[in-house]
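Please read the following account with the sequence and the model open side by side.

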Amino acid sequence: MEAVNTHADHGHHDRGHDDHDHKPTGLKRWLMSTNHKDIGTMYLWFSFFMFIVGGIMALVIRSELFQPGLQIVKPEFFNSMTTYHGLIMVFGAIMPAFVGFANWLIPMQIGAADMAFPRMNNLSFWLLPPAAFLLIGAQFAPGGGAGVGWTLYAPLSTQAGPAMDLTIFAIHILGMSSIMGSINIITTLLNMRAPGMALMKMPMFCWTWLITAYLLVAVMPVLAGAVTMTLTDRHFGTHFFNAAGGGDPVLYQHIFWFFGHPEVYIIAIPAFGVVSQVIPAFSRKPLFGYASMVYATASIAILSFMVWAHHMYTAGMPVQAQLYFMYATVLIAVPTGVKVFNWVATMWRGSLTFETPMLFAIGFLFLFTLGGFTGLVLSITPVDVQLHDTYYVVAHFHYVMVAGALFSAFAGIYFWLPKWTGRMYDEKLGRIHFWLSLVFFNLTFFVQHFLGLAGMPRRIPDYALQFAEFNAISSVGAFGFGFSQLLFLYIVIKTITSGEKAPDRPWEGADSLEWTHLPSPAPFHSFVEPPVIK
Amino acid sequence: MINKRANNRMMTRLSIFAAGMFGFGFLLVPFYEKICEVTGVNNLIKPAVAVVNTQVDVSRWVSMEFDANAHGLNWEFKPVQRTMKVHPGEMVQVEYDVTNKGDRATVGQAIPSYGPNHAGPFVRKLECFCFKQQLLQAGETKRMPVQFVLDGGLPADLNTITLSYTFFEVQGASLKPTKADGVNS
């Protein structure tokens, strides 16, 4: 706040202001940062680091599955890899990446000087490294990592070794970080908008984050409660999930998925937001059906609280309940369809160009929709009973998590990199990165649909011989996809160190405030005086 | 546009909401129990309502298999009779032997499960050692009965039912012998 006041006293206009921006230097700049841009940068780098860690775990899984039989790792270690790959990718890579986007962009897009609570923002970020340390350190606990699956189902989790306690604490810390981050985002969006920036004028990215932040505040505490119950069952003699004491392990599944299904949208909705910025910019048309986009996103968020048990059709449920959850799940396809049609309609008769961000956005559109369709297939109870816990499910959620959320994050990074760094990325290398990612992604995951339909179960290090070919293809694809991301790292570093100077508005179709009102790179302090919005 | 008071008010409200949702997670526990009770799902360790139609269907044989396990406690637990053929509607009594092989008194709770799972509601247990927690002194042996009736509505394709009990230790349960038979779950 202090910084804001001193700059307000100067009474300068933002443009060209960065010359006498005094930013703290050295380690202090990062450790004690209260600047939304620096914190956003840290979030993004942290998530990339975790993406590599989770990716290495995925490659351990794919190496073991390259051939039938047990070759490389022990089954216990394999189970630990599937568990922590999931936890790290969800809580360490994808979620922090979009919080990084939120930190960088929300204040600039609504014309605010910074986030509402800059110090809490610092704390939200700096809680993440200890949590990552616990998750990675759990591998070295006596007995190895907890091989319980990322869902941490009881009764396995109540009986697992000490690694489970580290994992539970990591989840508590990650939860606190997310809740604080969300409170910050909601307050910023509701209280700090520049005069004239009505809610329904906010860029779509801000809207998606407003909705996501509410989801996070609502469900992260429920997950914290679920793992707290696991913890007290393990050490303090409670019987929440212990059948012998009158508890019920299926109760854990209900509580977990009450968190878990909204969590799916916590990951997907900010991705929708990024794509909703990128597609109009490269179609040179405003977003088609802005209001319907807002309402569709809100309906998806509300519906996400009412469908949790579709993850547990096989856990034992009366048929009426199965029918209800099936119909409610199918209903989500309606607002999701609205969004997909709006994106397509935005491109319709647009003057399209296909720079890297747009390529990733279109890749997202195709592949996310495909993942949505397999989701519809899985929502049908009798089909799900057949496909539950097979590779079909693995293929489905990687289409929405990787080709959905991750591709959208790539689109966003290429899109805003010129604004963040003041330099252009290498367009040719960017396109190569896209095509490599697209091809290897499909090589990895498309064949998993066939494996699942043929009955290959997930989370098992060995498999029957008839699955060998598709698994070999999938493993080759996974390594290709993994190494393609090193190219991404190279592109980003090259941009920062030696990219060409970027104009203030490199994309002519981009019209939110960070493009129209701020220079590239965006100055350390922006919108100290709120901009005038027509 | 910095209005610190408005921001702090918003933070307080959202924090209270988050704390409330933490409580809501725990509220799901009694809520879930109530739903299970009302819908009759998960009625594993409570006596079944007496069978209305007591007519014995002598035209049909169902083979029952009895299985017993102890998990995490040093008890030897096995059925006296491993298999049995019964008619739906017939009152059947079987017995199980349990011995505490450990050197300390332990309280255990048996949890039944059924194979196939959907046979469960048709095995109506009228008397069962699983309705109570069981206290066994070190070295003590008990013979325990289960009394059940197979419901006449048992689907026609179910000809074999496995009834499996697993004893789990109840940690922190009272070890006073006077309450041994009366500890209610």
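A residue counts as buried under 20% relative accessible area, as exposed over 50% and as partly exposed in between, using a 1.4 Å probe and the protein chains only. This is a predicted model, in which local features need a pLDDT of at least 70 and side-chain atom pairs count only at pLDDT 80 or more, while totals for chains, interfaces and linings use all residues. Residues are numbered from 1 along each chain as its sequence is written, chains are lettered from A and ligands numbered from 1 in the order in which they are written, and side-chain values use heavy atoms, with hydrogens and water left out.

We begin with salt bridges, each of which is a side-chain nitrogen of Lys or Arg within 4 Å of a carboxyl oxygen of Asp or Glu. The whole structure holds 11 of them over all chains. In one, Arg458(A) pairs with Asp389(A), and the closest N and O atoms are 3.5 Å apart. This pair links distant parts of the chain, 69 residues apart, since Arg458(A) sits in the loop between H16 and H17 of chain A and Asp389(A) in the loop between helix H14 (381–387) and helix H15 (391–421) of chain A. Helices (H or I, at least four residues) and strands (E, at least two) are DSSP runs, numbered from the N terminus. Arg458(A) is buried at 15% relative accessibility, whereas Asp389(A), at 33%, is partly exposed.

The helices H16 (427–453) and H17 (468–498) of chain A each supply at least two residues of a nonpolar patch, and H16(A) gives the largest share, four residues. The patch lies on the surface and consists of Phe66(A), Leu370(A), Leu443(A), Phe446(A), Phe450(A), Leu453(A), Phe470(A), Ile473(A) and Val476(A), with about 720 Å² of accessible area together. Such patches are made of residues with over 30% relative accessible area and no salt bridge, where like charges are joined within 9 Å and nonpolar side chains (Val, Leu, Ile, Met, Phe, Trp, Tyr) within 5 Å; the areas come from the Shrake-Rupley method with a 1.4 Å probe, and for residues only the protein chains shown count as cover. Phe446(A), found in H16(A), is partly exposed with a relative accessible area of 34%.

Another helix of chain A, H3 (residues 36–64), has 29 residues and reaches 42 Å from its first C-alpha to its last, close to the 42 Å expected at 1.5 Å a residue, where the expected span is 1.5 Å times one less than the number of residues. Because 22 of its 29 residues are buried, H3(A) is largely enclosed by the rest of the structure.

Turning to chain B, we find one helix and nine strands, which run α-β-β-β-β-β-β-β-β-β from the N terminus on. Buried residues make up 41% of the 185 residues in this chain. Here the side chains of Arg143(B) and Asp97(B) meet in a salt bridge at 2.9 Å, N to O. Arg143(B) lies in strand E8 (residues 141–150) of chain B and Asp97(B) in strand E4 (residues 91–100) of chain B, so the pair ties together parts that are 46 residues apart in sequence. Salt bridges with shared partners join Glu95(B), Asp97(B) and Arg143(B) into one network. Glu76(B) also forms a salt bridge, with Lys78(B), the closest N and O atoms being 3.7 Å apart; Glu76(B) is partly exposed at 35% relative accessibility, and Lys78(B) is partly exposed at 38%.
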